[in-house]
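Please read this report with the sequence and the model side by side, and look up each residue as it is named. The sections go from the ligand to the overall fold, and then to particular places in the chain.

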Amino acid sequence: MLELKHISYRVSTPEGEMDILKDISLTIPDEKLVVFTGPNGGGKTTLARIIMGLAQPTAGQILYDGQDITELDITERARLGISYGFQQPPRFKGITVQDLLQLAAGQNKLSKDRCCNYLTNVGLCANDYLDREVDVSLSGGEVKRIEIATILARNSKLMIFDEPEAGIDLWSFARLTETFEQIHAKHSATMVIISHQERIIRLADEIIVVAGGQIAHRGTTEEIFPLILADTLGSCPVMTRKETAQ
Ligand SMILES: Nc1ncnc2c1ncn2[C@@H]1O[C@H](COP(=O)(O)OP(=O)(O)OP(=O)(O)O)[C@@H](O)[C@H]1O
Ligand SMILES: [Mg+2]
């Protein structure tokens, strides 16, 4: 179980101090699929970076399975079974897709079959990609899918995906959605997916709307989805609601 307690994140800007996250508290139980959604700039990626240890909160505490991990760095959190897929994944010149999958799986020799499985889950054909370098020769959508495959290979207990749909074609997106659905059905991991996509939002056990650095609302798909849709017709009652539901 992941618990965020009164998490705040303040940065210094030329205009002065700015609160990016304001006193966020939430609990994510094991094996749940939780979607963070909300307007651009709302604070979703910052929240994910704080959970992964890529940014240090200026206030608050993070507990994972009861252990205080607030001071742990990214490597220590990865060892505890937390992984994060970047909104814009890095490239690794000189490292092949197969190398990356093996590193992620923590095995010297990951069979071609296993590599193939991970790549198929994100709609890629292993024959075309295993020996490719993860460098600028890959398209944005390809790098994104390869990174998601490495997270699957890592077999983490808590996987955070930051807009996995970004730059991915419709066919691969459908395959990826199925993969998330299968992981969820097998109860093999907890997933936090940052997404703006209806198909992903509909998979969620719980939707958390992050806006203005706060939890604007949280609830089931049935409760939240109609309100998100209403936003397309005018101002969204979810995004503007000030209350913080716990
Ligand atoms: N270090 C920083 N210095 C100044 N502003 C920052 C910093 N980090 C984040 N921000 C600002 O905080 C806000 C939240 O950013 P964040 O990337 O978390 O948003 P997001 O909800 O992920 O948005 P998107 O849907 O566009 O990915 C943005 O306005 C961003 O510009
Ligand atoms: Mg973001």
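## Around the ligand

Helix H1 gives the most to the shell around ligand 1, with 3 residues, where helices (H or I, at least four residues) and strands (E, at least two) are DSSP runs numbered from the N terminus. A residue belongs to such a shell by being near the molecule, that is, by having its C-beta atom, placed from the backbone, within 6 Å of it. The surrounding residues are Val11, Thr13, Ile20, Asn40, Gly41, Gly42, Gly43, Lys44, Thr45, Thr46 and Gln87, and the elements that give two or more of them are strand E1 (2-13) and helix H1 (44-52).

By type, the shell divides into 2 nonpolar, 8 polar and 1 charged; here Ala, Val, Leu, Ile, Met, Phe, Trp, Tyr, Cys and Pro count as nonpolar, Asp, Glu, Lys and Arg as charged, and the others, Gly among them, as polar.

## Model and overall fold

This is a predicted model, in which local features need pLDDT of at least 70 and side-chain atom pairs count only at pLDDT 80 or more, while totals for chains, interfaces and linings use all residues. Residues are numbered from 1 along each chain as its sequence is written, and chains are lettered from A and ligands numbered from 1 in the order in which they are written.

The secondary structure of the protein comes to 10 helices and 12 strands. Its radius of gyration, taken over C-alpha atoms, is 18 Å, close to the 18 Å that the globule rule (2.2 Å times the number of residues to the power 0.38) gives for 246 residues, so the protein is as compact as a globular protein of that length. Of the 246 residues, 39% count as buried, meaning that 20 or more other C-beta atoms lie within 10 Å of their own, whereas a residue with 12 or fewer is exposed and one in between is partly exposed, with C-beta atoms placed from the backbone.

## The nonpolar core

In soluble globular proteins, nonpolar side chains tend to be buried together. A nonpolar core is a set of buried Ala, Val, Leu, Ile, Met, Phe, Trp, Tyr and Cys residues joined through C-beta atoms within 7 Å. The largest one here has 63 residues, of which Ala149, Ile160 and Ile193 touch the most other members, and H6 gives the most to this core, with 7 residues.

Leaving aside its neighbours within four places in sequence, isoleucine 160 is in contact (C-beta atoms, placed from the backbone, within 7 Å) with Ala48, Ile51, Met52, Ser83, Tyr84, Gly85 and Val192.

## Strands that pair

Two strands pair if DSSP finds at least two bridges between them. One open sheet of 4 strands has the order E2-E1-E4-E5 with antiparallel pairing, and its edge strands, E2 and E5 (67-68), each pair on one side only. Between E1 and E2 there are 9 bridges, and serine 12 stands opposite glutamate 17 in E2.

Elsewhere, E11 (residues 206-211) and E12 (residues 214-219) are antiparallel and pair over 5 bridges. In their hairpin, which has 2 residues between the strands, glycine 212 takes a positive phi near 60°.

Most residues other than glycine have a negative phi. Which value does phi take at aspartate 23? Phi of aspartate 23 is near 55°, a positive value, and this residue, placed in strand E2 (residues 16-28), counts as partly exposed with 15 C-beta neighbours inside 10 Å.

Asparagine 155 also has a phi near 55°; asparagine 155 lies in the loop between helix H6 (140-154) and strand E9 (158-162), and is partly exposed, with 14 other C-beta atoms within 10 Å.

Key: Contact = placed C-beta atoms within 7 Å.
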